[in-house]
Amino acid sequence: MKVAIFSDTHDNVENVKKLIEKLNEEEIGCAFHCGDIVSPFTLKMFKKLKAKVYVVFGNNDGDKVNLLKSKPKNVEIFNLFGETEIENKKIAFTHYDFFALALAFTKKYDYVFFGHTHKKTKMKIGKTLLINPGEILGYFSQPSYAILNLKNGKVEFKLL
């Protein structure tokens, strides 16, 4: 299965539309949003993604109550971090880089996804591969996301 990892959309509606279009073309199995959606209207856009979306709150997600109320059926929201198992791979996801490192050091996970820094990162700590897909916003760098193939562990960073 291919999973998509993206972060820091910050209400950039045009880039979110492009992202959803690209991910639907990729035929991903599920997606992970690593925080900083910001507004409910952006979260609602993910109902057009043809996959389950795991979302974690970031430091700019201020109206958490309305984000929770407006989430589409294909979206599952977590507070500080989330965890799941897909194809026998243990995955944790958070917004914060320091928390991602702490999760990796537990040695519980095969993959840990995070955002916050807006910088593409791929590093290994023990058996855990940490992935930051960069940013969808496009403020600090060109918008990017990552595709992870769970069968072979290959990570591909893609530009929007």
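## Strands β3 and β4

Strand β3, residues 52-56, is joined to β4 by 4 bridges, and the two run parallel. Strands here are DSSP runs of E at least two residues long, while helices are runs of H or I of at least four residues, both numbered from the N terminus. Two strands pair if DSSP finds at least two bridges between them. Within this pair, Val-55 stands opposite Ile-77 of β4.

The model is predicted: local features need pLDDT of at least 70 and side-chain atom pairs count only at pLDDT 80 or more, while totals for chains, interfaces and linings use all residues. Residues are numbered from 1 along each chain as its sequence is written, and side-chain values use heavy atoms, with hydrogens and water left out.

Contact means heavy atoms within 4.5 Å.

## The whole protein

The protein has 4 helices and 11 strands. Its radius of gyration is 14 Å, close to the 15 Å that the globule rule gives for 160 residues, so the protein is as compact as a globular protein of that length. This radius is taken over C-alpha atoms, and the rule is 2.2 Å times the number of residues to the power 0.38. The C-alpha trace spans about 40 × 30 × 30 Å along its principal axes.

Of the 160 residues, 54% count as buried. Buried means under 20% relative accessible area, exposed over 50%, and partly exposed in between (1.4 Å probe, protein chains only). Among contacts between residues at least 6 apart in sequence, 53% join residues at least 24 apart.

## Two positive phi values

Most residues other than glycine have a negative phi. Glu-87, in the loop between β5 (81-86) and β6 (89-94), has a positive phi near 50°. Glu-87 is partly exposed, at 38% relative accessible area.

His-116 also has a positive phi, of about 75°. His-116 lies in the loop between β7 (111-113) and β8 (120-125), and is partly exposed at 29% relative accessibility.
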